[in-house]
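Subject: Structure handover

Hello,

The sequence and structure are below for your files.

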Amino acid sequence: MNQPKKKIVLSGMRPTGALHLGNYVGALRNWIKLQETHHCFYTIVPWHALSSEYENPKVIREYTLEVALDWLSSGLDPEKSVLFIQSEVKEHAELHLLLSMITPLPWLERVPTFKEQQQELQDKELNTYGFLGYPLLQTADIIIYKAEVVPVGEDQAFHVELAREIVRRFNRFYGNVFPEPQILLTEVPKLAGTDGRKMSKSYGNAIYLKDSPETIKEKILPMVTDTRRKRRSDPGEPEDCPVFTLHKAFVSERKREELAAGCRTASIGCLECKKVVIDALIEEFAGFREKRSYYQKHPEIVWEIFAAGNQKAREVAQKTMEEVRSALGLVFPGPQKTSGKNR
Ligand code: TRP
Ligand code: SF4
């Protein structure tokens, strides 16, 4: 029987260094599942990192490797998905340029992340052309593969909405080249970091996928719990406990309910409760750590895997760009410098 054609998925991550548990439950874990049912493109996006790190671009390469190591070790599989580096597929830049011609400035200026990020990162000059165009570059990333589904968290919803609007405008001007990408909203469980605030690299409170069992213990054991539990005999409320956000993401429901009941009746202590989630994390990432230490010793293998992914992505992107150029009538006699065979 004919299988229904797999839908095309694309998602991306900025290379900001090793991934933490928040990145894992908010994106990666979902992406790994989607590999079984969709035709997935996953990309690390150095050009997006550059839009805010332009003063210190040298870190981006190292951070790209860190993300690549985490991807391959956690189960993103180059046999199932196209794993690639955005800036190695130059066609994204060409499409971004062409899209910039049809994009009214107010569409970009009203993207909430534009003003928000400028506010948040006050020490950086982000009133730049590149930073304003960030979501348009993201649009190019998505539509150059004719992606139909974009799995992202709520914070990226507006960017995908912009991509849809750009697609409608492009298709209206030049004919139907691109499908409108659908957002696949990822439920992002709120994970607390070691200080009880939202887990984030910039707060310095993150637990990393690559952390050793000892580090995981050292980070979780001293964490604050529900403040009602001053003594072992004081009952607590798991919903008010930062540690329990980790249970919600990594401990089975059955076990979790047992612990929650024990917390509310003070029949278990926080130490015991923490040990359960520590063990769950150590167990969930056992295979990961093994793979990561292998790849870490052989970065050339990692780059090779990505080079193959870059090539696969490039072929698709080049085909789309041929369609785009011809839809605009921008095809001229003579060899096409960026067409597959001449590259
Ligand atoms: N802007 C996204 C983020 O910060 C990263 C990204 C770049 C992306 N290109 C993309 C996400 C394309 C989805 C699709 O997380
Ligand atoms: Fe948190 Fe568990 Fe302690 Fe309850 S028992 S406060 S859920 S660590």
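Val 152 stands opposite Leu 185, a residue of β5. Please bear in mind throughout that this is a predicted model. The strands concerned are β4 and β5 (residues 182-185), which pair in the parallel sense over four bridges.

The largest share, four residues, is from α8.

There are 13 residues around ligand 1, and those that come nearest are Arg 14, Tyr 134, Gln 138, Asp 141 and Gln 156. Sorted by class, the shell holds six nonpolar residues, five polar and two charged.

The polar contacts to report are these:

- Arg 14: a polar side-chain atom is 3.2 Å from an oxygen atom of ligand 1.
- Gln 138: an N or O atom of the side chain is 3.0 Å from a nitrogen atom of ligand 1.
- Gln 156: a polar side-chain atom lies 3.0 Å from a nitrogen atom of ligand 1.

As for cover, ligand 1 taken alone exposes 360 Å², and the protein buries 92% of that.

One check on a helix remains. α15 (residues 299-328) has 30 residues, so at 1.5 Å a residue the helix should span 44 Å. After α15 comes Gly 329, with a positive phi near 75 degrees.

Regards

Notes
Residues are numbered from 1 along each chain as its sequence is written. Chains are lettered from A and ligands numbered from 1 in the order in which they are written. This is a predicted model: local features need pLDDT of at least 70, side-chain atom pairs count only at pLDDT 80 or more; totals for chains, interfaces and linings use all residues. Side-chain values use heavy atoms; hydrogens and water are left out. A residue is near a molecule or strand if one of its heavy atoms lies within 4 Å of it. A polar contact is a pair of N or O atoms within 3.5 Å; within protein, one must be able to donate a hydrogen and the other to accept it, and residues adjacent in sequence count only if both atoms are side-chain atoms. Accessible areas come from the Shrake-Rupley method with a 1.4 Å probe; for residues, only the protein chains shown count as cover. Helices (H or I, at least four residues) and strands (E, at least two) are DSSP runs, numbered from the N terminus. Ala, Val, Leu, Ile, Met, Phe, Trp, Tyr, Cys and Pro count as nonpolar, Asp, Glu, Lys and Arg as charged, and the others, Gly among them, as polar. Two strands pair if DSSP finds at least two bridges between them. The expected span of a helix is 1.5 Å times one less than its number of residues.
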